[in-house]
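Q: I have a structure to look at and have not seen it before. Can you walk me through it?

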Amino acid sequence: MRFSLSVFAFLVSLGAASAEQLVEPTLHLPHSDHLRVAVTLDACGGKTDARILDTLVANHIPATIFATGRWLKHNGAALEVLKAHPDLFEIEDHGANHIPAVDHAATIYGLKAAGSPEAVKVEVQGGADALVAAGVAHPRWFRGATAKYSQGAISEVHALGLKIAGYSLNGDGGSLLGASQATKRIAAARDGDVIIAHINQPTHQAGAGVAAGLLALKARRAEFVKLDRIEGDETGTPVAQAAF
C-alpha cells in the first residue's frame, strides 16, 4: 500500500502522541510538627455518599470537594449542605463532564480522553463555569478525571489560571476498595499527605471505610486543612499511557 507524504506525516505524529507518557501529579502539604492532612473528595457524577458527608459535618472535618458540572446538576441538596458550611468545605473544579484532561486520543480506566487542546479547555472551563453558576466561588484548583494528564493539557489548565490538584495517598482505590482496606489506608496517613477518595458512590463499600478512616485520623488528633490553605507545588510522575 502506498501513502502520500501528508498521510505518512499524520501517522508518524499519531504514533508519537500515542507513545507520550501521561503525568500523574503528586501534592503534599508542607511538613509540620504534628499530623496535618488534606482530605480531597471527588464528586464525579451519580449521587452523594451521605456516610462521608455526614461524618465530615458531624465531626467538623474540613475537606476539599472536586465536583463536576454533571454532579452539581443532580445533587442540589448535598450542594446546599456544602455551601452552608464554608468553614468546612471548599469546592473546586473536576471538569464539566468527567472527561480526562488529555489532549490526544487515549482511553484511561475506560474513559475516553478529551482528545485535543480545545476539548481540554472546554472540559476545564466548563467545570469552572458550572461552579460559578451554582453559586460557588471561581475555582483555583483543577483535578481531571483519572488524575492523569498529558503535558499539553497541564499547560492548558495553567493558562486558564488553575493549579493541578495532585495527591499523595489514594484512600479508596477509585472507590473500589473494601471498607476495611479503605479504613486502613486513610488511618495510616502521614503528616503532609493529600488524601484522595470519592464521595459519589453511596453503594460502594469503600465509602464506609473512608468515613471510618477519617474518624481514625481524628482520633490521632490530625489537623485537617483545605487546599485553600496551601500553596502546594505540583510534581509530576510519568505513568504508562493506557491503550486506545
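Predicted model: local features only at pLDDT ≥ 70, side-chain atom pairs only at ≥ 80, totals over all residues.

Q: OK, how many helices and strands does the protein have?
A: Eight helices and twelve strands. These are DSSP runs numbered from the N terminus, H or I of at least four residues for helices and E of at least two for strands.

Q: And what share of the residues is buried?
A: Of 244 residues, 49% count as buried, meaning under 20% relative accessible area with a 1.4 Å probe, protein chains only; exposed is over 50% and partly exposed is in between.

Q: Switching to helices: at what angle do helix 7 and helix 8 cross?
A: Roughly 30°, and the axes of helix 7 (residues 179-187) and helix 8 (residues 206-219) come within 7 Å. Axes are lines fitted to C-alpha atoms, for helices over the stretch in contact, and angles run from 0 to 180 degrees between N-to-C directions.

Q: So what does that make helix 7 relative to helix 8?
A: Helix 7 is roughly parallel to helix 8. Under 35 degrees counts as roughly parallel, over 145 as roughly antiparallel, 65 to 115 as roughly perpendicular and the rest as oblique.

Q: Which residues make the contact?
A: Among them are Ala179 and Ile186 of helix 7 and Gly209 and Leu217 of helix 8. Contact means heavy atoms within 4.5 Å.

Q: What about helix 5 and helix 6, how do they cross?
A: Helix 5 (residues 117-133) and helix 6 (residues 151-159) cross at roughly 45°, with axes that come within 10 Å, so the two are oblique to each other. The residues in contact include Pro117 and Val124 of helix 5 and Glu156 of helix 6.

Q: New topic: how many aromatic pairs are there?
A: One. The ring centres of Phe142 and Tyr149 are 6.4 Å apart and the planes are at 65°, so the pair is edge-to-face. Rings of Phe, Tyr and Trp (its six-membered ring) pair if their centres lie within 6.5 Å; planes under 30 degrees apart are stacked, over 60 edge-to-face, the rest tilted.

Q: Is Phe142 buried or exposed?
A: Phe142 is buried, at 0% relative accessibility. Tyr149 is also at 0% and counts as buried.

Note on methods
Residues numbered from 1 in each chain as written. Heavy atoms only, no water.
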